[in-house]
Amino acid sequence: MISAQTGVLDQVDGSCKLQCGETTVICSVTGPIEPKARQELPSQLALEVVVRPCKGVPNTREKLLEDQIRGVVTPVLAKYLYPRQLCQICFQILESGEPEDEYNVKELNSCINAAYLALIDSGVALQSSFSSVCVSVLGSNNEILVNPTQEQLIKSDSTHILALEVGSGGKKIQNVLLIESNGDFTEEIMFNVLSRAEKACVEVALELRKAVEDKIKRDFIWKQ
Amino acid sequence: MNTLIAPGDKLDIADKENVVIGPGVYCDPRTQEIRPVNAGFEVIGSTKKNLSIRVDHNSKRYIPAVGDLVVGLITGSFSDSYRVSLASFSSPVTLSYMAFPNASKKNRPSLKVGDLVYARVCKADKELEAEIECVDSTTGKDAGFGLLDGGMVADVSLAFSRELTFNNEYPLLTLLAKNAQFEIAIGINGKVWIKCDDVKSTLACYRSINDCQSHPSAEHKFIISQHFKAVTNSVQ
Amino acid sequence: MNITDRRRILGPSNAKPLVFERLESSEQAAQPPQEKNNENESMYIKNGLVSNANGSSYLELKRGESSEQCTILLSSVYGPRPSRGAFSSKASLSVQFKEVTIEKIPSGELKEICNFLSNIFSAVINLERYPKSGIDIFLSLIKNPITSDEANLEPIIAACVNGITLALADAGIEIFDTVSAGTYKRNVVAFSKNGTEVVGLWKDKEDDTANDILSVIENCRGNYLQNRKGIIEYLIRSKNADI
Amino acid sequence: MTESLELRPITFHPDVLARIAPELSMQRHLSLGLRPSLRSFEEFRNVEISDGGLSFASNADIDRKGNNILGSNVLKCGKTMVVTSITGGIVEENISGSRVDDESTESSNRADRLSRFAQVHPVVEVERGRVGAPTDEEMTLSQRLRDCVLHSGLIPKKALDVAVGIRSTDSEGISSILYPDEEENTISSGLKSRRKWSYVLYAKIQVFSRDGPLFEICWNSLIYALKTTQLPRAFVDERTADLKIPVSMRGRSATFRETFDIICDASKFQPLVLNEENVAFASNFAIIDVDPETELPKDEDEMQVDQGGSVLLADIQGEAEEASVFSTISIISSDAGRLKHFKVIGGGLNASMEHLKKSLNLAKLRASDLSAKSSSGDR
Amino acid sequence: MAKEVEIPAAESKFVIECLRQNLRLDSRKFDEFRSVEIELGDDYGDVTVTMGKTKVHCRISCTITQPYEDRPFEGLFFISTETSPMAGPQFENGNNTGEDEVLCSRIIEKAVRRSGALDVEGLCIVAGSKCWAVRADVHFLNCDGGFIDASCIAVMVGLLHFKKPDVSVSGEQVTIHPVDEREPVPLGVLHVPICVSFSFFNPEDAEENIKGESNSEICIIDATLKEELLRDGTLTVTLNKNREVVQVSKAGGLPMDALTLMECCHKAYKITEAITDQINNVLKADATARNQYAAILSSENARES
């Protein structure tokens, strides 16, 4: 489902190109670097998140994406290790995989996972690992679809994003970083979605870990 | 074999007492919990009293730590110090005019903006600007630091520069030495300065160092010979 | 090239604004702009509604019984707060005016209003008292008494003067006098010192029935005294309530 | 002479403490079973609403020529005041796909959920004593409101269709307007089917006295405003309907059919039809860890207020709460408990299932409270 | 203003010294263009161009809009080149006011849009009221020099690859046919301009720079980032396969004589020819791959019915 490659850009400190179904994003991380005066925080790492859309110019839609990504990444960064420093995280959507006017779940989902790998690639300290999954609920029997296709997505009654902090090599769920649900659903559906998404999140975490292992092997290639 | 580890994993240590934590490991100030913050190989070492733990990982962005030998670029000069860059876009570090051998108020060092220096990090608090010195501060004497004149700088990954510095068995430098005579200064900040007698050899060394980063050590010999062949065969 | 505003949700680019046309015969019967009866004016004041400003005032002006002829203005004062940049021996004053609901006033006129108000209050606020500072006044017009397509600015300007005075008082910023304004036909005159001094005069040229400037001032003064009385009464009342 | 030095604890005024040490202030309050706002943990702020008499729909006296506000709301929640005004526009729709009858369009649209619903275009402005471009908060608020209106299915797309009437003037110069859906349905169906127009709704939301997260307050105000919204009838003038303009340029010439203007009838209005079952209200919650160390010393026999761990706070307000809370929950729920939006953000602590369930329950109760308000608030 | 990449004096001296000895850091010859890699996405008009480490992504999209009043028979065409810190921390997000950024976007604009590479009249649907607006969004992913050359290739491949939905017009009623209903139609591309950038170095001192007597300047093609930062002058030539010079842009820098300019154009033509052929081959291969897929689908459908 997910294919990812780290270290695809060389002008930045960390990068990752991630494809999840029809959605492809590329993420870059630079930091810790010297911030501009207005960005600087006295005791911790400042975070600059930039999302650029596939088509057209960035507007409020991308600002909301940036805000959501920031909400996920901020609690995970070991930000007190780098006071008065800046970390830039940029995303370029290469293929959206969803109608951009109406949805942003697939992009958000891919961005969060790509951010994890790019952060790992950059060596910016993280308190833990995290992963994200996108789920939609379809039809009268409330079928739960993990990482729906565009076709499934637009027919769904509700869409959900779950991002979790995952520990111990993807075996343990430590914390909820983000739940965001939209559409029309009930409490029961939501709790079903959450328990299904939780499992899927762990699976994603294991897949991301493979990309991390790949990266580490490539990092120390001269040792072979 | 060292195990692979990623942030959020459990460290392979039972006892939290007497643990010295190294790079890639973080102790939460509130919970006193020790956890890895980078992805890499878990390295546990033990001395008589202590257990040391670190995560060997590779990255590009250098963060100053006391004792590191670095190659810096002078980017500005003030009334009593130079401003030095250890990596583009990183916060600059300070090199005091007094941190040179035989320094005195009257004897100002003569470095210019754009010059390269080889130096040692002497202060690195994360809240403050780091400082470097070009003198062995214990003896106050020259210790091979100072201006790096001419030559060329190769940008390498941080793990690679550590390998070059600390692993005496790593064959790259030995192999290079068979092809040319050179001066070298390896900065832990991922900057390797190299200088041969002629430009062509320097260029061959520069290309070799860049290339060997992304190839297994078994191929190093071949890579190096190819690069030296290329520069000698090039027509004027 | 990309001149579109990226920071606001604009909606489809080919959308056209709604154009209204009144069809019924009532169109003809639409009341001619009634003679403004100043005596019939009622003023509701409340200070301190905007909690993150240093001072604010809420002003509701009603003319007659009709709620249509109602002006609601919220004025907030931020400052004196430190201003960056070069040293200045007195505070700098800025006035921003915004229509919160209906946007009718052309931007050129908005600028003119801000300029007018800023000139009046530069003379009224003890700016020397606050060196290296900035005092920023934000006016939000929530409800606008519009009778025709064109905005009738005069009651708004008068409300602004009264609103700012109240907000400044609420912020505890030193002013030389309780400045207030009165309107007469299409003229606004702001007075101080019990009506003996004119600090600002806004006269719309379209109106030629009031060419005699002295009579205009005289008429406005009456209205001024009434408005000032309202302001002072409110301030005293709220002061007493505090104690 | 010996001078004795005395150490005295400094007492801060609660406001001052809240500013210099928000977390401590928060914890001190929590240990007393209160919040900095002196509300109890699960207590919401009171909400006052009115339509402000701003829109013409709310006030028959208002001259429609000078007032284009279709719906409005003024909402006060604690100190915060929100003024929402709905305005409109008309846009021509592009016709997609092969022409199909209305009935079959309906059925094919069944699959693509959002194509059945319309959105509003909100612009939120928060007064903060500064001028300049919209802040990130204003931008994300606007976008979230837009997304949630669309996804909640509040406004059926059909509700925004413009049934264009035709004004014809007879020989005596008396004009009359015929609407396609009114009884005397005799208009040439030609015009009706050829082009399709729909209303566009804009929402201008002005916030004063920001005192905590704004999304929920803005949402509720927007819902109230939409409930008051009335759409005007619209028509074209027969005389302009067939206007053609010849144009030639660089050797090429063509006849343009002028894109004629649609005029709104200032005397005829219809209320905006909302999907009543999708009308939902928003509330927010915070989960915060109780730190036993910051508790004030208390008497032995006093009851423990909380058994440690974390507590759920409803309706976040004030600097201390906003600064010291990491986990927030935002819920849009209908009074029947249908959920439209659910967002948990944080990571500060584990949002436990009990807290989530409790917050959903409270959100539902709150929604029925607020929806009762709207019916009584309407005149 | 974002900070710049810092280059030590020793390094710049070294690079110049190498050039004097006919050597480049990355082992290329002076007139050697980096090999171009063109990758097409699943969607029409989704292109990634890689030249060495430089990476540019371009996405073409279209919407229906109203034509400009003074050009009722023409559709709209925009090229957007915005930088982000992804390409390198020296770039600021969305800030296109830097000198280099403006120059870069102007040259691409001139090379592609103003040279009439896209047939804008073909974008007209109903004269004066409806037309297509085509957008090319160029995303700079990684900056190692040669942004202009790479972007131009990316935009042109994108335009050639892109297909817009079919529309039918009857009277004033315009119907857009979704892609799954009717085969989409390609854009009208009239010619394929290719940019080739030259960089000039002055191995002598500054005095020579002004006098320009000995003509000892060194000219290289397709500079990397380091070479771009150190160069003394630049020249961008845009040509197409028909040997038409679309534009020549030389904004200041080292003076050059007409002969050198001619020589540059000749060199550029060879590169233009090679790249144009490459583009055609890539597009042909893509079309064949898609056709195969379509053939399978249609035969299945045929069997079903």
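**Reading burial, sheets and helix packing**

Reader: What share of the 224 residues in chain A is buried?

Author: A residue is buried if 20 or more other C-beta atoms, placed from the backbone, lie within 10 Å of its own, exposed if 12 or fewer, and partly exposed in between. In chain A, 65% of the 224 residues are buried; in chain D, 44% of the 379 residues count as buried. This is a predicted model, in which local features need pLDDT of at least 70 and side-chain atom pairs count only at pLDDT 80 or more, while totals for chains, interfaces and linings use all residues. Residues are numbered from 1 along each chain as its sequence is written, and chains are lettered from A, and ligands numbered from 1, in the order in which they are written.

Reader: How much of the contact total in chain A, at a separation of 6 or more, joins residues 24 or more positions apart?

Author: Two residues are in contact if their C-beta atoms lie within 7 Å. For chain A the share is 69%, and for chain D, among contacts between residues at least 6 apart in sequence, 73% join residues at least 24 apart.

Reader: What is the strand order of the open sheet in chain C?

Author: Strands pair if DSSP finds at least two bridges between them. This sheet of five strands runs E3-E4-E5-E7-E6, with mixed pairing. Its edges are E3 (41-47) and E6 (92-99) of chain C, each of which pairs on one side only. Strands E4 (55-63) and E5 (70-82) of chain C are antiparallel over eight bridges, and Ser56(C) stands opposite Ser76(C) of E5(C).

Reader: At what angle do helices H2 and H4 of chain B pack?

Author: Two packed helices are described by the angle and the distance between their axes. Here the axes are lines fitted to C-alpha atoms over the stretch in contact, with angles from 0 to 180 degrees between N-to-C directions. H2 (172-179) and H4 (220-233) of chain B pack at about 30°, their axes 10 Å apart. H2(B) contributes Leu172(B), Leu175(B), Leu176(B) and Asn179(B) to the contact, and H4(B) contributes His220(B), Lys221(B), Ile224(B) and Phe228(B).

Terms used:
Helices (H or I, at least four residues) and strands (E, at least two) are DSSP runs, numbered from the N terminus.
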